[in-house]
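User: Could you walk me through how to read a few features here?

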Amino acid sequence: MTFLVNTNNITVRHLTNLKRGRKMENCTQLLIHQVLHLYLQRSIHLLRDLKIHPGQCGMLWVLNKHDGVSQKELAEKMRITPPSITVMIRKMEAEDLIEKHQDEKDQRIARIYITEKGRKIAENMDDALHQLEKEAFANMSEQEIMLLHRLLLQMKENLIKGEKD
């Protein structure tokens, strides 16, 4: 397997192939969609015993590290819209994974705290997510994993920049 480190070459070659009428199976967008779908399905399976959904992992992870952040800060850290974070908080409160309290100094600010139940799940969720990474990166060298990580970070930065344009 050959890897091109220069991402511009990959993009140019990919676009050229699409213009030449290459098959859709070679489309990067389709491949990313397929990988994301498989990753999500596998994570749902691995997290099933913990009775949480993959979308809840991010909130538990953030709160386990930064307990008591404001609802607004939590939405920003997770890159989720305020209406979506509100729904997620309501559901996770009902499951006793988190608690929401008004800020003592500024009643307009809602602070989100992880419960003991949420903290235990967050600790166990690390095992499930390590298993997921182990499966996803099987048969890849450390260098290939580092390259993939770097390329994904670059894609993320590119897309964030595109949002601002």
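User: Which strands does helix α5 lie across, and at what angle to β2 does α5 run?

Analyst: First, this is a predicted model, where local features need pLDDT of at least 70, side-chain atom pairs count only at pLDDT 80 or more, and totals for chains, interfaces and linings use all residues. Numbering starts from 1 along each chain as its sequence is written, and side-chain values use heavy atoms, with hydrogens and water left out. Helices (H or I, at least four residues) and strands (E, at least two) are DSSP runs, numbered from the N terminus. Axes are lines fitted to C-alpha atoms, for helices over the stretch in contact (heavy atoms within 4.5 Å), and angles run from 0 to 180 degrees between N-to-C directions. Here α5 (residues 82-94) lies across β2 and β3, at about 115° to β2.

User: In what order do the sheet's strands come?

Analyst: Strands pair if DSSP finds at least two bridges between them. The open sheet reads β1-β3-β2, with antiparallel pairing. β1 (69-70) and β2 (98-102) are at the edges with a single partner strand each, so one side of each has no neighbour in the sheet. Five bridges join β2 to β3 (residues 110-114), and glutamine 102 sits opposite alanine 110 in β3.

User: Which helix gives the largest share of the nonpolar patch?

Analyst: That's α7, with three residues. α2 (28-47) and α7 (142-164) each supply at least two.

User: Why does methionine 155 count as partly exposed?

Analyst: Partly exposed falls between buried (under 20% relative accessible area) and exposed (over 50%), using a 1.4 Å probe and protein chains only. Methionine 155, in α7, counts as partly exposed because its relative accessibility is 36%.
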